[in-house]
Amino acid sequence: MNYWLFKSEPDEYSIDDLAGEPTGQGRWDGIRNYQARNLLRDQVQVDDPVFFYHSSCKQVGIAGIAQVTKAAYPDPAQYDPQSPYFDAKANTEAPRWYCVDLRFVKKFENPISLARLKAEPGLAAMVLLKQGRLSIQPVTDAQWNTILALTK
DNA sequence: GCCAACGTTGGC
DNA sequence: GCCAACGTTGGC
């Protein structure tokens, strides 16, 4: 089992959107970066816990927790010419892009801001702080626990 | 396979 | 809206 941090712009898809999914699950699609794709396809497993991170918004930071309910499968949006995530070079024999399904677990009463994460000495090695642009990131056990402690 | 040009992400 | 960081594209 691995811990993760997934980034989303809340204007596009927020933790409240996930919490409000009528089926109880949401699809994490639209990943169009190879490094993120590889992590999603090869390492993200069912039941892995995920920090839900809000980027490019008023309250940048970790908004809550989700959990993987379905491991990687080809992202249907890559085949849909109407979708902004359409990829003409993708085909069903050789999918390029993958997605997973998530369920909502909890929303933090107080989101943990990026500034707070930066201020925490134990988190200096976080991928988020080292390689800010990666949208699917591994989180170590120690980092996970350190961050959870900040919510209390 | 190098690398310049270009596009995107994302914090501020 | 600016701009730094960095990923991707494409000519050679």
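In these legends, Ala, Val, Leu, Ile, Met, Phe, Trp, Tyr, Cys and Pro count as nonpolar, Asp, Glu, Lys and Arg count as charged, and the others, Gly among them, count as polar. The views show a predicted model.

**Figure 1. The largest pocket and its lining.** The space in the largest pocket amounts to about 410 Å³. Its lining is made up of 15 residues, and those closest to the centre are Lys7, Ser8, Glu9, Asp29 and Tyr85. Strand 1 (3–8) and strand 2 (26–28) are the elements that give two or more residues to this lining. By class, the lining of the largest pocket holds seven charged, four polar and four nonpolar residues.

**Figure 2. The second largest pocket and the contribution of strand 5.** About 160 Å³ of space lies in the second largest pocket. It is lined by Lys106, Phe108, Glu109, Asn110, Pro111, Ile112, Arg116, Leu150 and Thr151. Strand 5 (residues 98–113) supplies the largest share of this lining, with six residues. Four residues of the lining are nonpolar, three are charged and two are polar.

**Figure 3. Arg37, a buried residue of helix 2.** Arg37 belongs to helix 2, which spans residues 34–42. The residue is buried and yet has no salt bridge. A salt bridge would require a side-chain nitrogen of Lys or Arg within 4 Å of a carboxyl oxygen of Asp or Glu. When neighbours within four places in sequence are left aside, Arg37 is in contact with Ile31, Arg96, Trp97 and Tyr98.

Figure 4. Asp47 counts as partly exposed because its relative accessibility is 46%.

Figure 5. Ser56 is located in the loop between strand 3 and strand 4 (61–74). As a residue other than glycine, Ser56 has a positive phi, near 50 degrees. The relative accessible area of Ser56 is 53%, and the residue is therefore exposed, given that exposed means over 50%.

Key: Residues numbered from 1 in each chain as written. Chains lettered and ligands numbered in written order. Predicted model: local features only at pLDDT ≥ 70, side-chain atom pairs only at ≥ 80, totals over all residues. Heavy atoms only, no water. Helix = DSSP H or I, 4+ residues; strand = E, 2+ residues; numbered from the N terminus. Buried < 20%, exposed > 50% of the residue type's maximum accessible area, 1.4 Å probe, protein only. 1 Å grid on protein atoms, 1.4 Å probe; cavity = no way out; pocket = protein on both sides within 12 Å on 5 of 7 lines; lining within 4 Å. Points joined across faces, edges and corners; volume = space filled by probe spheres on them. Lys, Arg positive; Asp, Glu negative; His and termini not counted. Contact = heavy atoms within 4.5 Å.
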